[in-house]
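Thanks for coming. Please look at the structure on the screen before I start.

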Amino acid sequence: MELGKKLKEARLNAKLTQDKVSETIQVSRQTLSNWENERYYPDIVSVIKLSDLYKISLDELLKGEKMNMSLNQGININAFTNVKGHKKILVVSLDLSVTPRYMGVPLLTSNLVIKMNKYTKKNKIDVTSKLIGYSTLEEYGEDADIILLTPELIKLEAEIKEKFPTKNVRIIDTRDYGISNAENVLKMALV
């Protein structure tokens, strides 16, 4: 199914009019119509707003696939276990309240963490990955064995290494981050 049809179907399933959607996400009704008729494609910020408004995942909206895992599974820091030999990875991202320039970062990072946990479970690797915002790092950093920083936090790497000198602190490769390559991110973290 093409993107325009998926957008229209999701809007109709949410029982919303084009007028209501355009008012809510602050675009013209004509713009929304152009997206649904595939004359133009929405930018990523608009797609995220539509996903939130329609109460469906981005995977479901863009690919028509329902996600089996909740994004919240990647955010629950209390799910760390203290199994001997178990590795705990914290993936640190920008907080949601940061400038709109980085609107897609939390979603992209959540997707990466979900894929990391699926990969380790499938391959029976005793590692748990959790996503936190930068503002909570001081609270949870000591619980981690490895702290991975998303690329937009590169300028804070030295500061974080100083705060957590006994932790393995690394920056996630930009390319691996952008395509959510969980296998490569885990290999880099566990080396």
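Predicted model: local features only at pLDDT ≥ 70, side-chain atom pairs only at ≥ 80, totals over all residues.

Let's begin with helix 1, residues 3–13. Which residues are buried in helix 1? They are Leu3, Gly4, Lys6, Leu7, Ala10 and Arg11. These residues lie on the same side of helix 1, because they cover an arc of only 165° around the axis. Turn to the other side of helix 1, and you find Lys5 and Asn13 exposed. After helix 1 comes Lys15, and its phi is positive, near 60°.

In what order do the strands of the open sheet stand? The order is 2-1-3-4, with 4 strands in parallel pairing. At the edges you have strand 2, residues 127–133, and strand 4, residues 168–171. Each has a single partner strand, so one side of each is left without a neighbour in the sheet. On average, neighbouring strands of this sheet are turned by 20° against each other, direction ignored.

Look at one pair in detail.

Last, the packing. Helix 10, residues 182–190, packs on the sheet. Which strands does helix 10 touch? It touches strand 1, strand 2, strand 3 (146–149) and strand 4. The direction of helix 10 makes about 130° with that of strand 3.

Terms used. Residues numbered from 1 in each chain as written. Heavy atoms only, no water. Buried < 20%, exposed > 50% of the residue type's maximum accessible area, 1.4 Å probe, protein only. Helix = DSSP H or I, 4+ residues; strand = E, 2+ residues; numbered from the N terminus. Arc of directions from axis to C-beta. Pairing = 2+ DSSP bridges. Axes fitted to C-alpha atoms, helices over the stretch in contact; angles between N-to-C directions. Contact = heavy atoms within 4.5 Å.
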